[in-house]
Amino acid sequence: MRKGNLLIFATLSALVFGLAGCRSLPPSKPSSEWTPQEARGAAVYQAKCARCHYPTSTRPLHGPGLQALTKLKSMPSGAPPTDERLTAVILNGRQDMPATPLTDQQLQDLLAYLHTL
Ligand code: HEC
């Protein structure tokens, strides 16, 4: 194999293994370990988000699955999953996702829950 081919092969393998690594996501925090705030956030999620998003999978429903959302480098749109971005997506909506009006308390609880996914 020529040196150039070897380099391409090494790069491709790194890419393939890197992508495969992304599929084994860090585990969600079990519900038995939720804080009271995270549990309240889970209830908000059930009421407002669950019909469109799976919380424990990355499989799409109406919107993308949200497992490990805040542990990934970027959300499906490419934006980083910071609380600020999440707040904007939740309160304002985004393309096919409708805006979800929440009280500040509900929002804080929901964000805490999203960090357990
Ligand atoms: C009616 C269905 C629906 C509901 C309800 C809904 N979403 Fe979505 N959501 C979507 C769709 C569709 C997208 C993909 C939007 C796009 O094209 O970027 C999305 C995208 C997202 C994204 C990814 C944003 C990005 O930048 O990639 C997050 C995070 C998200 N939703 C969280 C939530 C949360 C949290 C709730 C509950 C407050 C919620 N969604 C409620 C349909 C919904």
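User: Why is Gln67 called buried?

Analyst: Gln67 has 16% relative accessibility, so Gln67 counts as buried (buried is under 20% relative accessible area, exposed over 50%, partly exposed in between, with a 1.4 Å probe and protein chains only). This is a predicted model, where local features need pLDDT of at least 70, side-chain atom pairs count only at pLDDT 80 or more, and totals for chains, interfaces and linings use all residues. Residues are numbered from 1 along each chain as its sequence is written, and side-chain values use heavy atoms, with hydrogens and water left out.

User: What does Gln67 touch, not counting residues up to four places away in sequence?

Analyst: Quite a list, including Leu25, Pro26, Tyr54 and Leu117 (contact means heavy atoms within 4.5 Å).

User: What about His53 and Met97, buried or partly exposed?

Analyst: His53 is at 10% relative accessibility, so His53 counts as buried. Met97 is at 26%, so Met97 counts as partly exposed. His53 (NE2) and Met97 (SD) both coordinate the iron atom of the ligand, at 1.9 to 2.1 Å.

User: What makes α2 and α4 roughly perpendicular?

Analyst: They pack at an angle of about 100°, with their axes 7 Å apart (axes are lines fitted to C-alpha atoms, for helices over the stretch in contact, and angles run from 0 to 180 degrees between N-to-C directions). Angles of 65 to 115 degrees count as roughly perpendicular, under 35 as roughly parallel, over 145 as roughly antiparallel and the rest as oblique, so α2 and α4 are roughly perpendicular to each other.

Technical notes
Donors = N, O, S within 2.8 Å, 3.2 Å for Na, K, Ca; no water. Helix = DSSP H or I, 4+ residues; strand = E, 2+ residues; numbered from the N terminus.
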